[in-house]
Amino acid sequence: MLNGKKILVGITGGISAYKTASLIRLLVKAGAEVKAVMSGAAKEFVSPLTIATLSKNPVYTDFFNPENGEWHSHVKLGIWADLYIIAPATANTIAKIAHGIADNLLLTTVLSARCKVMVAPAMDLDMYQNAVTQQNIATLRNRGFLFSEAQEGELASGLSGKGRMAEPEDILQNVEQYFAQNQDFKGRKILITAGPTREKIDPVRFVSNYSTGKMGYAIAECLAERGAEVILVSGPVDLKPRHSNINLVSVESAKEMYQACVEHFPKCHAAIMSAAVADYAPKIIAPKKIKKNGESEMTLTLVPNPDIAAALGKIKTENQVFAGFALETENEFANAQKKLESKNFDFIVLNSLKDRGAGFGYDTNKISIVFRNGNTENFDLKPKTEVAKDIAQCLLQLLK
Ligand code: C5P
């Protein structure tokens, strides 16, 4: 249910921190990758060793590792997470979040988080009911924070009332619901091209390239997971789409890819051209296997293939968002900008073969996104699944 989701758990200093150990176990069991960050006070209630063991990751407690001076980046943690859960969230931490205070790693990460933050308040009933706490909770709600509501019952103080941290099972349910609802591409139909094309020479030979389709398939999965209906027009690759929202249209040659795209694009809200389409194809496809004829050279005459992106760029309407890729070996930005204009893309994803780990075959990619107005956003080398999220985010902004 939470497969592939990255969840950061922030633990503050409340007695119910012991329940967070169970929560982490439940999240890991549900398939999530979990990292934890603890406030100084939290370490008094539950040991970082317990949390590290259950989360299967080192626990972050300080900005620096006091032993070797290693810097723990709140920015990296904040970007890494798909959801940040603060459980337990004490009155103190809630107040600090409400006022933008960032005097520990846990709080600083709240400010840098790009994902939603879910807060599970835990405190004594009087602290919970106190007007200032209620005001702070209201501030957080208005800012879009998610809540796993405090529950009624016996409290650590011996008193009874509202303020107990939600049970780990209830928090897990809220997390699962959140991810099920995170459907920001729902109602959008998106065309994606992926993989190489094969241009036949004869019945047993072809001209092609090294594209594996990994980037295009990662984009397709990412958008489908977020509710989009995806039409994935794919050349021959070893991959299979997993998500049921993906309709696969398998093609072989650039001409077939062109036909499929021209047919589907007018019904789509957006298209991302990530296929490595062969620019040329043999002029004649020999009906039978070409035999050696004893001559020292043989000549293959190639003729241009249709430029699919350029064709779609011409029929693109104002309401459609259109994007493509540029794989460049020199003058990357100037070439990308030219391509952006000539194909009428709204943005172009540039990857350079000069960057190690980027391009064909790798599971990682390092991209820059160039927009119509010349603005450029540069991203770090990261897994293609993560690159897909960056591209999805750009697309979402433009679709809005
Ligand atoms: O001109 P170039 O092939 O480098 O442009 C790359 C972009 O154009 C990519 O998005 C690619 O998918 C698309 N393209 C296409 N049809 C072609 C050639 C490229 O859709 N024939």
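1. Which residue has a polar backbone atom 3.0 Å from a nitrogen atom of the ligand? That residue is Pro 306, and the pair falls under the definition of a polar contact, namely two N or O atoms within 3.5 Å. An oxygen atom of the ligand lies 2.6 Å from a backbone N or O atom of Ala 275, while a polar side-chain atom of Lys 339 is found 2.4 Å from an oxygen atom of the ligand. Of the 440 Å² of accessible area that the ligand has on its own, the protein covers 85%, with areas taken from the Shrake-Rupley method and a 1.4 Å probe.

2. This is a predicted model, in which local features need pLDDT of at least 70 and side-chain atom pairs count only at pLDDT 80 or more, whereas totals for chains, interfaces and linings use all residues. Residues are numbered from 1 along each chain as its sequence is written, and side-chain values use heavy atoms, with hydrogens and water left out.

3. The shell around the ligand holds 13 residues, the closest being Met 273, Ala 275, Ala 309, Phe 325 and Lys 339; a residue is counted if one of its heavy atoms lies within 4 Å of the molecule. By class, eight of these residues are nonpolar, one is polar and four are charged, where Gly counts as polar.

4. The ligand takes up the space of the second largest pocket, whose volume is about 850 Å³. A pocket here is an open set of points on a 1 Å grid over the protein atoms alone, where a 1.4 Å probe fits, with protein on both sides within 12 Å along at least five of seven lines, and lining residues have an atom within 4 Å of a point. Among the 41 lining residues, Ser 274, Ala 275, Ala 276, Val 277 and Phe 325 are the closest to the centre of this pocket. Strand β17 gives the largest share of the lining, five residues, and the lining as a whole has 19 nonpolar, 15 polar and seven charged residues.

5. Two backbone features deserve a check. The peptide bond from Ala 87 to Pro 88 is cis, with omega near -5 degrees, and Pro 88 belongs to strand β4 (residues 83-89). Lys 56, which is not a glycine, has a positive phi of about 65 degrees and lies in the loop between α2 (48-55) and β3 (59-60). Most residues other than glycine have a negative phi, and most peptide bonds are trans.

Key
Polar contact = N/O pair within 3.5 Å; in protein donor to acceptor, adjacent residues only side chain to side chain. Sits in = over half its atoms within 2 Å of the grid points. Points joined across faces, edges and corners; volume = space filled by probe spheres on them. Helix = DSSP H or I, 4+ residues; strand = E, 2+ residues; numbered from the N terminus.
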